[in-house]
Amino acid sequence: MQDLENCLNHDKASAELKSVVTTLIDVTKEIAFAVRQGALAGVLGSAQVENVQGETQKKLDVIANDLLKSALSENSCVRALASEEEEHVVALHQSGKYIVAFDPLDGSSNIDINGQIGTIFTIYPALENVAADSPAQFFQLGKNQLCAGYVLYGASTLLVLTSGGPTRCFTLDPHSNEWVLTNAQLQVPQNTQEFSINMANQRFWSDNFKRYVADLLLGETGVRGKRFNMRWNAAMVGDVHRVLTRGGIFMYPNDNRNPRQPAKLRLLYEANPMALLIENAGGKACSEAMNKIQRILEITPESLHQRVSVVLGSANEVDICNTYLFKRDQQAEPVLIENDEAY
Ligand code: F6P
């Protein structure tokens with residue numbers, strides 16, 4: 001904890017903010033333990049209920065949500081919480097200075113296959129003139145986040161956190177059960193040759209997006225003049241962690257599978273925290289909506305479980321992707337970035 005406390009002090013986090021961060025990450029140790037136990041603790045498989053998003057909840061989704069909710073309820077600094085697994089805002093302490101949003105277990109489809117999963121969280125200041133149980137508490141721009149992070153339950157248990165300063169990585173020491181700082185400043189390389197997308201959705205993308213990915217696939221024989229590799233974890237935490245570690249571009253674009261729901265990822269507890277972590281590590285994070293490309297951190301939320309398209313990662317590659325998306329109805333001419341070098 002010493003390392004983490006030093007980092008939060010360095011970023012000038014208040015005592016109350018530190019207590020909320022501590023509450024959150026202490027719970028993730030319990031979740032990590034349940035994940036490690038797996039079938040031995042009977043936590044795998046479905047809970048046989050649907051969440052607000054119409055997705056069948058896994059037992060671990062429910063366990064992680066209940067653990068976080070109950071720990072945060074006991075912290076008087078928390079005014080309200082929002083969770084992927086809760087339809088409505090949960091009001092907590094009227095005098096609390098902060099609101100917390102989280103995805104208790106991201107990448108649930110990986111639970112039963114022993115793949116990467118994680119908890120994503122974000123903390124905002126509570127709004128004084130808004131009721132604690134109002135969703136409007138959470139309709140703040142992503143750039144107002146005071147702290148954002150995720151815990152990745154992988155081969156090691158990792159905490160990646162930013163609280164205004166750099167994006168840092170801590171590893172959970174299995175002997176002491178303490179977080180140890182293992183990377184004081186993650187830095188996303190500007191250029192990349194690795195992309196991350198669910199290619200099975202290709203036929204549902206816009207023509208411009210199809211063109212961008214087609215040029216990646218052409219490799220050294222195409223306009224990009226270099227070969228790209230592809231990776232897809234089906235858990236945003238795993239994919240974003242790879243991007244933070246060695247660069248890359250992660251994309252979940254709009255598609256036309258369901259016209260009422262063109263995007264998949266949730267703004268509040270997926271896109272915004274990841275965007276802050278990526279930007280504070282030197283990368284970029286954008287979203288495309290209504291012929292406009294926006295910095296994710298500047299999107300005004302309109303509903304608690306709002307979904308947005310996401311393109312994030314190595315800054316030059318995000319810029320190149322955006323040049324394809326920019327002219328939605330025309331044959332977009334990719335503007336190549338001068339220092340788009342193979343690495
Ligand atoms: O939003 C949940 C999530 O599991 C993300 O973590 C991940 O990036 C995405 O959905 C995977 O989507 P798909 O099942 O379409 O590959």
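This is a predicted model: local features need pLDDT of at least 70, side-chain atom pairs count only at pLDDT 80 or more; totals for chains, interfaces and linings use all residues.
Residues are numbered from 1 along each chain as its sequence is written. Local features need pLDDT of at least 70 and side-chain atom pairs count only at pLDDT 80 or more, while totals for chains, interfaces and linings use all residues; side-chain values use heavy atoms, with hydrogens and water left out.

**Domains**

Select 4–183 as domain 1 and 194–325 as domain 2; these bounds come from an automatic or database domain assignment. The C-alpha centres of the two domains are 23 Å apart.

**Interface**

Next, show the 45 residues of domain 1 that are in contact with 31 residues of domain 2, contact meaning heavy atoms within 4.5 Å. Between them the domains bury about 2,800 Å², of which 62% is on carbon and sulfur atoms. Buried area here is the accessible area (1.4 Å probe) that two parts lose on being put together, summed over both. Pick out Ile120, Phe139 and Tyr150: these residues supply 19% of the area that domain 1 buries against domain 2, more than any other three residues.

Two salt bridges are counted between the domains; a salt bridge is a side-chain nitrogen of Lys or Arg within 4 Å of a carboxyl oxygen of Asp or Glu. Select Lys143 and Glu298, which form a salt bridge with the closest N and O atoms 3.6 Å apart.

Now colour the strands (DSSP E runs of at least two residues, numbered from the N terminus). On the side of domain 1 that touches domain 2, the elements giving two or more residues are E3 (78–83), E5 (98–106), E6 (117–125), E7 (147–153) and E8 (157–162). E6 gives the most, with six residues.

**Sheet**

Turn to the open sheet of eight strands, in the order E4-E3-E5-E6-E7-E8-E9-E10, with mixed pairing. Two strands pair if DSSP finds at least two bridges between them. At the edges, E4 (90–91) and E10 (179–183) each pair on one side only. Zoom in on E8 and E9 (168–172), which run antiparallel and are joined by four bridges. Leu161 has Arg168 in E9 as its bridge partner.

The structure holds 18 salt bridges. For one of them, select Lys18 and Glu5, whose closest N and O atoms are 3.6 Å apart. Lys18 lies in helix H2 (residues 15–37) and Glu5 in helix H1 (residues 2–10), so this pair ties together parts that are 13 residues apart in sequence. Helices are DSSP runs of H or I with at least four residues.
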